[in-house]
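Hi everyone, thanks for coming.

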Amino acid sequence: MADQRAALEEVVVTARKRAESALEVPESIATFSAGMIENANLRTLKDIGLMVPNLYMSTRLDGFPNVSMRGMGAFGNTQGVGFYLDDVQLFSDASSRFGDLERIEVLKGPQGVLYGGANIGGAIKFVSQRPDTEAVYGNAKLSAGEDSYYDIEGQVNIPLSDTWAMRLFGFGESYDGYLSNPNSVRTNGLQGNNNPDVGEMDRFGVRATFAGDITDKLSTFFTLRYNELDGPNNTWIRELDGDFEYGNTVDTSFNPRHDRTTFASSLELNYDMETVLATLITSHTDTDSDRQSDLDLDQEWVLDLLRPEDLQATTIEIRLSSTTESPVQWQVGAYSLDLERDLSSVLNIRGGFCFLDPGVCDPPPALDDGVVQVVAPFEVSLRKREQLAAFANVTYRLDRWEFDLGLRVDDWESKRKNMDTGLAGEESDTEVLGRGSVTWFSADQNSIVYGTITQGFEPGDLNLTNFTGENTLFGYDAENVTQYELGYKGQLMDGALSLTTAVFFIDYTDRQFELQATDPTGGFVEGIVNIGDSEQWGVEADLAMALAENWTGTLGFGYLNAEWNNGVISPVTGADLSGQEPPNSTEWSVTAALDYSRQLSNDMLLFGRLQVRYKGEAASNAQFFDAPGDAFTMWENPEFTVVDLNVGVAWQAWEFRLHLENVFDEDYYVDVQEFPNFAGAVLPGAPGSIVIGTLEQPRRAMVSVSYEF
């Protein structure tokens, strides 16, 4: 039952790897409790991204995250923001659905000291409900909506003994989607018979958690999870003229798909030594992924890509933490990562290529233009990344002052071998990261003022290509960031008003970006390069207020000013980028919501939520490709505003909801970029590049019913 929707909640977080109020942590944190997750209908990464100022996030159309936090991190394979489930980092399925959650924590700014590499812009933590031994209870929920959306989920808590319990969570989701394949007639007069619902998606997942006492000092928390995804892959919308018409047709020769299965396990052991808690967390993840892409994004059979991949990751973290009430709180620890990715993708050149330009094929193609003419290795590689790190953090409280210092030494090594050419390479370095903060507490302990310095990095790696005459793969270096933040957090008006605000400055060096381009010979070049350095500063504020007995209002805004430093040059055109805004940075973002909750009787509650999310114009990768006379002038992803409405009633053990998503049917992209126009490669006068975007959810009505037991 959601019987406290109008109350301001004090959320306990583990941002510093110890339980404390979010209002006591000297850094910006956005938190979403279990009730807020339900009321705001937070189902995808895009939903979370729209709720947090200065966070630009969505699920890529190959199922991986696109995320930029305060302008840190980049879309593509350089996400720069870490994702965690119960303090275990997610490397392959961060976009999976995680239910039965106690809360979501969004930690803004570099988290290098306590969380390590791949957290340069921040961390997003999914914290699951822990099993308890009190009683058997649970919840079952059924949802249905437009475009044949159906979803069922449930969770149950089961005591196993006086000291042991388990929780089970599972879901199944099916959706036809809102994208359509019109199966247009091809140049040779033939027509495809693909399923018109090109965005059709099915996914399924289960998770089991166990917790209990092994001895009176040793306890454990163990997790097993499995999920499957059968969904679209890279079904981008083609924008041929840059005017952003937001069509919903994906006119491809076949419906590209992504099949992914993940099995993961984690083990947490805690040993209580009275004044010190020893913690061991280890995890293993195995993900098999098969991705198909119609690379030309056209009804013609020209180029398609098959990308089977196997990823395995093993992590171990050991830490010692103080547990006394002493003014000095400390923790020391060590971390290791062993990550392997086996990729064996091929590029198929189809008969349609020959049909459009008969001179390039001998013999001429058959009438069936879908016949594969050439199978070329595209990405066939073995990749391995290892990290070893040691970290320490100490906090000292002196009256109304708190001083926090942290240090991490992180040694990383990336290796890659191109199995097609036999070339290999290695990148490695040792990063020394620090953090420090000074916090002042008000006399009533309800407010803090703080100043924090934090550092982070994203490890380097290797591309599959090499320069002419070189016998090693082309590598790229780690990117590094230092952030300075001043902030205030407090509860005012006897707890009826909660306010957090921060101003920050970021020094960002050797920024990594993924680029796709055609080389002078007409070939395809894809890789990650270090573009250069940037600086950015910004302001954020979040306010929550109990407006009346039944009403609560929230408001948040973010402003970001980001610029390339002097001397930064486009690696594609050689143009000077000095002073321009780096890609995927949006200057203004605003969120607002109004919650209503009223007890109609002892066993009936009426509730509702109206929320508005605004993202301003966002810079794009067009700056890397813009040149006089090209197909597009400089362009940005346009601003957009999304409005949702959620109303419902809870009666005894039942709850009924109506959710209207994107009420005003706003057309918008979160993921948008300039991309080579492979469909036009053999057509005279065709533009050399196009704009591709991920069309986000149009207006949709959903209803749900749930039962608690």
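Predicted model: local features only at pLDDT ≥ 70, side-chain atom pairs only at ≥ 80, totals over all residues.

Numbering runs from 1 along each chain as its sequence is written, and side-chain values use heavy atoms, with hydrogens and water left out.

So, what's in the chain? We get 5 helices and 38 strands; those are DSSP runs, H or I of at least four residues for helices and E of at least two for strands. Along the principal axes, the C-alpha atoms fill a box of roughly 80 × 55 × 50 Å. Of the 709 residues, 55% are buried, meaning under 20% relative accessible area with a 1.4 Å probe, protein chains only.

Now the rings. There are 20 aromatic pairs here, counting Phe, Tyr and Trp (its six-membered ring) with centres within 6.5 Å; planes under 30 degrees apart are stacked, over 60 edge-to-face, the rest tilted. Take Y149 and Y175: their ring centres are 5.6 Å apart with planes at 75°, so we call that pair edge-to-face. Y149 sits in strand β11 (residues 149-159) and Y175 in strand β12 (residues 164-175), so the pair ties together parts 26 residues apart in sequence. Buried or exposed, Y149 and Y175? Both are buried.

One last thing to find on screen: F244, Y246, W635 and Y669 make up one aromatic cluster.

Technical notes:
Buried < 20%, exposed > 50% of the residue type's maximum accessible area, 1.4 Å probe, protein only.
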